[in-house]
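Let's take a walk through this structure together, with the criteria spelled out along the way. Please have the viewer open beside the text.

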Amino acid sequence: MVKHLRQRLGAHRKDAELTGLHAAGKLPIHRLRVAAVRRWGAQIAEGVTLYHGFEIRNARGLSIGERSSIGNDAILDARGGITIGRDVNFSTAVHIWTGQHDWQSPDFAYVKAPVVIGDRAWISTRVTILPGVTIGEGAVIAAGSVVTKDVEPYALVAGVPAKVVGSRPTNLTYELAPAKAKAWWW
């Protein structure tokens with residue numbers, strides 16, 4: 001009886017978290033969005049920007065470094081864990097998946113693996129990053145790419161699947177503007 005009750009409460013907590021995090025992405029005030037995501041257990045550093053419309057799954061599995069910016073309509077599936085470094089820029093509609101079904105499994109098993117993104121990486125619009133990928137420091141992922149394998153530091157990758165097409169200088173020193181330095185309406 002107690003075990004059954006715990007399972008039911010656990011299921012309701014997951015439902016409440018998904019609902020709360022979905023609502024957080026729609027809040028019109030940035031400070032409230034950040035506070036709500038932190039409340040659900042995410043590690044959000046100072047100066048992080050969370051634009052409208054994001055979705056987060058399992059906030060406790062999410063860590064975002066200083067001054068990083070998460071663009072509109074991002075989906076961050078942190079069930080397998082997502083670590084985002086400092087001064088990382090996500091453009092609009094970036095999707096990071098840490099779990100998926102194994103299409104080769106006889107029982108269509110669900111598998112998960114963490115995603116790690118190094119400092120000063122730029123993930124352009126409509127990029128999809130799949131489970132288990134590490135994006136190196138300073139790497140750039142071109143718009144529309146699907147990243148299925150690790151990306152070396154300072155590499156420029158593009159395509160489906162993403163492949164190296166160039167490189168970036170290794171002496172990067174910039175810092176992104178913190179959230180408080182951005183326009184009030186976002």
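A word on conventions comes before the tour. This is a predicted model, in which local features need pLDDT of at least 70 and side-chain atom pairs count only at pLDDT 80 or more, while totals for chains, interfaces and linings use all residues. Residues are numbered from 1 along each chain as its sequence is written, and side-chain values use heavy atoms, with hydrogens and water left out.

Let's begin with the sheet. Seven strands make up an open sheet of mixed pairing, running in the order β2-β5-β8-β13-β16-β18-β19. Its edge strands are β2 (49-50) and β19, each of which pairs on one side only. Helices and strands here are DSSP runs numbered from the N terminus, a helix being H or I over at least four residues and a strand being E over at least two. Two strands are said to pair if DSSP finds at least two bridges between them.

Now follow the sheet out to β19. Strand β18 (residues 155-158) pairs with β19 in the antiparallel sense over four bridges.

Most residues other than glycine have a negative phi, and most peptide bonds are trans. β18 and β19 form a hairpin with four residues between them, and glycine 159 in the turn has a positive phi of about 105°. Proline 161 lies in the loop between β18 and β19, and a cis peptide bond joins valine 160 to proline 161, with omega at about -5°.

Next come the charged pairs. Side chains of opposite charge can pair when their charged atoms come close. Counting a salt bridge when a side-chain nitrogen of Lys or Arg is within 4 Å of a carboxyl oxygen of Asp or Glu, the model has seven salt bridges. One of them joins the side chains of glutamate 55 and arginine 57, at 3.1 Å from N to O. Glutamate 55 counts as partly exposed because its relative accessibility is 25%, and arginine 57 counts as partly exposed because its value is 22%.

Which residues are linked with Arg67 in a network of salt bridges? The network links Arg67, Asp87 and Glu175. The side chains of arginine 67 and aspartate 87 meet at 2.8 Å, N to O. This pair links distant parts of the chain, with arginine 67 in the loop between β4 (62-64) and β5 (69-70) and aspartate 87 in the loop between β7 (82-84) and β8 (89-90), 20 residues apart. Glutamate 175 also forms a salt bridge with arginine 67, the closest N and O atoms being 3.7 Å apart. Glutamate 175 lies in the segment after β19 and arginine 67 in the loop between β4 and β5, so this pair ties together parts that are 108 residues apart in sequence.

The three partners can also be described by their accessibility. Arginine 67 is buried, with a relative accessible area of 16%, and aspartate 87 counts as buried at 1%, whereas glutamate 175 is exposed at 54%. Aspartate 87 has a further feature: its phi is near 55°, a positive value in a residue other than glycine.

The last stop is a pocket. Rolling a probe the size of a water molecule over the atoms shows where empty space is left. On a 1 Å grid over the protein atoms alone, a pocket is an open set of points where a 1.4 Å probe fits, with protein on both sides within 12 Å along at least five of seven lines; lining residues have an atom within 4 Å of a point. Grid points are joined across faces, edges and corners, and a volume is the space filled by probe spheres set on the points. The second largest pocket has a volume of about 240 Å³. Eleven residues line this pocket, and Lys14, Glu17, Leu18, Asn58 and Arg79 lie nearest its centre. α1 (2-24) and β3 (55-57) each supply at least two residues of the lining, with α1 giving the most, six residues. The lining divides into three nonpolar, two polar and six charged residues, where Ala, Val, Leu, Ile, Met, Phe, Trp, Tyr, Cys and Pro count as nonpolar, Asp, Glu, Lys and Arg as charged, and the others, Gly among them, as polar. Asparagine 58 is placed in the loop between β3 and β4, and has a positive phi of about 70° although it is not a glycine.

Technical notes: Buried < 20%, exposed > 50% of the residue type's maximum accessible area, 1.4 Å probe, protein only.
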